[in-house]
Amino acid sequence: MLKRIVAGVLGAMSAINGVLMLADGARWYAMTPGVTHTGPFNPHFVADIGAAFLAAGAALIARAWRPALWPAAVAGVGFIGLHALIHVADIAQGHALLPAFDIGLVVVPAALAAWAAFPGKGELHA
């Protein structure tokens, strides 16, 4: 049950982030710490990433709603996990402007999402 709750919370956070990126990318870009230091605002790029966050979030929410849909969550975590690995690489190379932000709001949630995506003991596995 804990995995379903974590998947639901993280899925909602990812989906909301994606919706904000799609609905008002310029505002999201200006308000998200460290993002403005990555280069100029590109509305198409922000929308593309927003769509990926929305899809990943929906997949985690689906897993929380119906445990048998855990494979969808694993696929969604593919994006979230790879995104987190990019942030880890930035931190390791000294390129992260706000490493604590990256760890707390990108890396840790990705690790928790990966844990929550797979079925727990006693849950449906297919």
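Predicted model: local features only at pLDDT ≥ 70, side-chain atom pairs only at ≥ 80, totals over all residues.
Trainee: Let's start with H4. Which residues does it cover, and how many is that?
Mentor: Helix H4 runs over residues 70-92, which is 23 residues. From its first C-alpha to its last it reaches 31 Å, close to the 33 Å expected at 1.5 Å a residue.

Trainee: Where does H4 bend?
Mentor: At Val77, by about 25°. Val77 is also one of the buried residues of H4.

Trainee: Which others are buried in H4?
Mentor: Besides Val77, they are Trp70, Ala73, Gly76, Ile80, Ala84 and His87.

Trainee: What do the buried residues of H4 pack against?
Mentor: Three helices: H1 (2-23), H3 (43-65) and H5 (99-117).

Trainee: And just after H4, which residue takes a positive phi?
Mentor: Gly94, with a phi of about 75°.

Trainee: Over to H3. What should its 23 residues span, and how far apart are its end C-alpha atoms?
Mentor: At 1.5 Å a residue the span should be 33 Å, and the end C-alpha atoms of H3 are 32 Å apart, so the two agree.

Trainee: Which residues of H3 are buried?
Mentor: Val46, Gly50, Phe53, Ala56, Gly57, Ala59, Leu60, Ala62, Arg63 and Ala64. Their cover includes H1, H2 (25-31), H4 and H5.

Trainee: What is Arg63 in contact with, leaving aside its neighbours within four places in sequence?
Mentor: Lys3, Arg4 and Ala7 are among its contacts. Leu69, Trp70 and Ala73 are also on the list, and Trp70 and Ala73 are themselves buried residues of H4. The list also has Ala116, Ala117, Phe118, Pro119, Gly120 and Glu123.

Trainee: How far is Arg63 from Ala96, C-alpha to C-alpha?
Mentor: The separation is 32 Å, with the two residues 33 apart along the chain.

Trainee: Now the surface. Which residues form the nonpolar patch?
Mentor: Met1, Leu2, Ile5, Val9, Met13, Ile103, Val108, Leu112 and Trp115, with about 870 Å² of accessible area together. H1 and H5 are the elements that give two or more residues to the patch.

Definitions and conventions: Residues numbered from 1 in each chain as written. Heavy atoms only, no water. Helix = DSSP H or I, 4+ residues; strand = E, 2+ residues; numbered from the N terminus. Expected span 1.5 Å × (residues − 1). Bend = angle between axes of the 7 residues up to and from the residue. Buried < 20%, exposed > 50% of the residue type's maximum accessible area, 1.4 Å probe, protein only. Contact = heavy atoms within 4.5 Å. Patch = residues over 30% accessible without salt bridge, like charges linked within 9 Å, V, L, I, M, F, W, Y side chains within 5 Å. Areas by Shrake-Rupley, 256 points an atom, 1.4 Å probe, with all protein chains shown as cover. Salt bridge = Lys/Arg side-chain N within 4 Å of Asp/Glu carboxyl O.
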